[in-house]
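Here is a friendly briefing to read alongside your structure. Keep the sequence and the 3D view open as you go through the points.

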Amino acid sequence: MSTDARTVLTSFTSAAHIAHTSLTALDQVSGDGDFGDNLREGLGLVTAALDHRPDEPPFAVAANVFLDEVGGTSGPLMGLLFQELARAHAAHQGDDRAAWTTGVREGLAAIQRVGEAEPGDRTLVDTLVPARDALESGASERGVAEAALAGAQATSALRARRGRASYVGERAVGWPDPGALGIALLFWCRADAVGEAPGMLADHLPVPRRYGHRP
């Protein structure tokens, strides 16, 4: 099946609004609490830019916004992913599977070059690695989304070795990394665009009530 890039980004924007409370609370446990704001506002800027630049490739527009206008650690990293997705869609026009497979593989490589994170460091890499593997194995859109969401959820058991979360010790253990979950929502939206979303969005959005509380 083919997933329209603009449709996926529009869905991702809606998902970021719905997930804002959860992503903010998760980042208050493990970071400085701004990830939900940055993702929601960044995608809002993408939607506005797409309205003004309808003839430009959607992922290229998203890359420009996140690389140039979105703050925090995750903003530029997401920009790198969107940049590679844009390049892959341009190179594999008409072959959605090849575009996503190449884009996610190269996006992951770019993110690791810049951030130097490895699987197990409790970062968005822990989502992108299983998503890449699922794409390369030929999994369905639902299968890719499930792999990404499982990767994000698995960060709940990890103590961070990168970023601000590495300074909070055990406090974040028990809850998924917000950046990993945020990236997983992109793959949920891709599956949802073709009617293959695994469950409802709300099913994947835990909200910690206070530090030290465990699900």
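The buried residues of helix α4 pack against α1 (5–30), α2 (35–52), α3, α5, α6 (125–136) and α8 (178–192). Here, contact means heavy atoms within 4.5 Å, and buried means under 20% relative accessible area, with exposed over 50% and partly exposed in between (1.4 Å probe, protein chains only). Please keep in mind that this is a predicted model, in which local features need pLDDT of at least 70, side-chain atom pairs count only at pLDDT 80 or more, and totals for chains, interfaces and linings use all residues. Residues are numbered from 1 along each chain as its sequence is written, and side-chain values use heavy atoms, with hydrogens and water left out.

**Helix α4 and its surroundings**

- Helix α4 covers residues 74–91, which is 18 residues. Helices (H or I, at least four residues) and strands (E, at least two) are DSSP runs, numbered from the N terminus.
- From its first C-alpha to its last, α4 reaches 26 Å, close to the 26 Å expected at 1.5 Å a residue. The expected span is 1.5 Å times one less than the number of residues.
- Buried residues of α4 include Leu77, Leu80, Leu81, Phe82 and Leu85. Ser74, Gly75 and Glu84 are also among them.

**Helix α3**

- The 12 residues of α3 should span 16 Å at 1.5 Å a residue, and the end C-alpha atoms are 16 Å apart, which agrees.
- In α3, the buried residues are Phe59, Val61, Ala62, Ala63, Val65 and Phe66.
- The cover over these buried residues of α3 includes α1, α2, α4 and α5.

**Overall fold**

- The protein chain has eight helices and zero strands, in the order α-α-α-α-α-α-α-α along the sequence.
- Of its 215 residues, 54% count as buried.
- Among contacts between residues at least 6 apart in sequence, 67% join residues at least 24 apart.
- The accessible surface of the chain comes to about 9200 Å², of which 50% belongs to carbon and sulfur atoms. These areas come from the Shrake-Rupley method with a 1.4 Å probe; for residues, only the protein chains shown count as cover.

**Nonpolar core**

- The largest nonpolar core has 63 residues, and those with the most contacts inside it are Leu39, Phe66, Phe82, Trp100, Leu128 and Phe187. Such a core is a set of buried Ala, Val, Leu, Ile, Met, Phe, Trp, Tyr and Cys residues joined through side-chain atoms within 4.5 Å.
- At least two residues of this core come from each of α1, α2, α3, α4, α5, α6, α7 (141–154) and α8.
- In soluble globular proteins, nonpolar side chains tend to be buried together.
- Leaving aside neighbours within four places in sequence, Phe187 is in contact with Trp100, Val104, Leu128, Ala131, Val144, Ala145 and Ala148.

**Aromatic residues**

- The whole structure holds four aromatic pairs. Rings of Phe, Tyr and Trp (its six-membered ring) pair if their centres lie within 6.5 Å; planes under 30 degrees apart count as stacked, over 60 as edge-to-face and the rest as tilted.
- The rings of Phe59 and Trp100 have centres 5.7 Å apart and planes at 85 degrees, so this pair is edge-to-face.
- That pair links distant parts of the chain, with Phe59 in α3 (residues 58–69) and Trp100 in α5 (residues 96–115), 41 residues apart.
- Both partners count as buried: Phe59 has 2% relative accessibility, and Trp100 has 1%.
- Phe59, Phe66, Phe82, Trp100 and Phe187 form one aromatic cluster.
- Arg190 lies over the face of Trp100, at 4.8 Å from the ring centre. A charge sits over a ring if NZ of Lys or CZ of Arg is within 6 Å of the ring centre and within 35 degrees of the ring normal.

**Ala191 in α8**

- Ala191 is in helix α8 and counts as buried, at 0% relative accessibility.
- Not counting residues up to four places away in sequence, Ala191 touches Glu141, Arg142, Ala145, Glu196, Ala197 and Pro198.

**The loop between α5 and α6**

- Most residues other than glycine have a negative phi.
- Glu116, in this loop, has a positive phi near 60 degrees and is partly exposed at 48%.
- Arg122, in this loop too, has a positive phi near 65 degrees and is buried at 2% relative accessibility.
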